[in-house]
Every structure is written in C-alpha cells, then in structure tokens.
Amino acid sequence: NFTSVLYKKQNNFIGMKIPRNRISTPGQGKGEYKDYNSWRECVVDYIFWMHHFKADELNKEEYYKLLGKIYAEDPDYVNKLKKLIETFNFNKN
C-alpha cells in the first residue's frame, strides 16, 4: 500500500534486497534492503531480478514457486499473492 518504512525511506516498495551476484541498478542499501532514487528504479531492478532468474521462461506456477523460494520471507506470500490476483481479477491468460 506504499506506506511501509522501506518504501518511504528507500523507495523500495517491492522489498528488493541488495544483490550479491546479479546486475542491479546503481546504489547501495540500508541493512539488507536496496536503496533507490525513485520507485521507477526499484521496478527496473525487479526486471533485472526477473531476467537473472529467467522468469520469462517460467509458467505461472513455476513463477509462484520461484517467488516463494527465493523472493518472499513470508511463508504465506504466494497464497496471499494468489488471493489478491483473484480478488482483483488479474488472473487473465
């Protein structure tokens, strides 16, 4: 909802961590999370993240599995995401 401290102080609304072995946007971070100059830069870094993990080659279930395995700290993240997608009817093919 764009209200987290991470978003307000670091323009990081996706929760991107500081990368260790992939291409990323310039800049550092605070703690384990990346700092961005703008929310747009955060989106670009997410695209780099998706490219690194070849997300464009995954089907929907494989992508959910990837998110649950290496992106989200919340063990129920994928189920919450699926519920939001269903609630807002984003589940178009």
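Which residues make the nonpolar surface patch of about 310 Å²? In this predicted model, the patch is formed by Phe2, Phe13 and Trp39. Of these residues, Phe2 is placed in the segment that precedes helix 1, which spans 5-10. The relative accessibility of Phe2 is 51%, and Phe2 therefore counts as exposed, since the cut-off for that class is over 50%.

Asn11 has a phi near 55 degrees, which is a positive value in a residue other than glycine. Asn11 belongs to the loop that connects helix 1 with strand 1 (29-30). With a relative accessibility of 22%, Asn11 is classed as partly exposed, because buried residues are those under 20%. A phi near 55 degrees, again positive in a residue other than glycine, is found at Asn89. Asn89 is located in the segment after helix 4.

Two packed helices are described by the angle between their axes and the distance between those axes. For helix 3 (residues 60-71) and helix 4 (residues 77-87), the packing angle is about 135 degrees and the axes lie 9 Å apart. Helix 3 is therefore oblique to helix 4, as roughly antiparallel would require an angle over 145 degrees. On the helix 3 side, the contact is made by Glu61, Tyr64, Leu67, Gly68 and Tyr71. The residues of helix 4 that take part in this contact are Tyr77, Val78, Leu81, Lys82 and Ile85.

Notes. Residues are numbered from 1 along each chain as its sequence is written. This is a predicted model: local features need pLDDT of at least 70, side-chain atom pairs count only at pLDDT 80 or more; totals for chains, interfaces and linings use all residues. Side-chain values use heavy atoms; hydrogens and water are left out. Patches are made of residues with over 30% relative accessible area and no salt bridge: like charges are joined within 9 Å, nonpolar side chains (Val, Leu, Ile, Met, Phe, Trp, Tyr) within 5 Å. Accessible areas come from the Shrake-Rupley method with a 1.4 Å probe; for residues, only the protein chains shown count as cover. A salt bridge is a side-chain nitrogen of Lys or Arg within 4 Å of a carboxyl oxygen of Asp or Glu. Helices (H or I, at least four residues) and strands (E, at least two) are DSSP runs, numbered from the N terminus. Buried means under 20% relative accessible area, exposed over 50%, partly exposed in between (1.4 Å probe, protein chains only). Axes are lines fitted to C-alpha atoms, for helices over the stretch in contact, and angles run from 0 to 180 degrees between N-to-C directions. Angles under 35 degrees count as roughly parallel, over 145 as roughly antiparallel, 65 to 115 as roughly perpendicular and the rest as oblique. Contact means heavy atoms within 4.5 Å.
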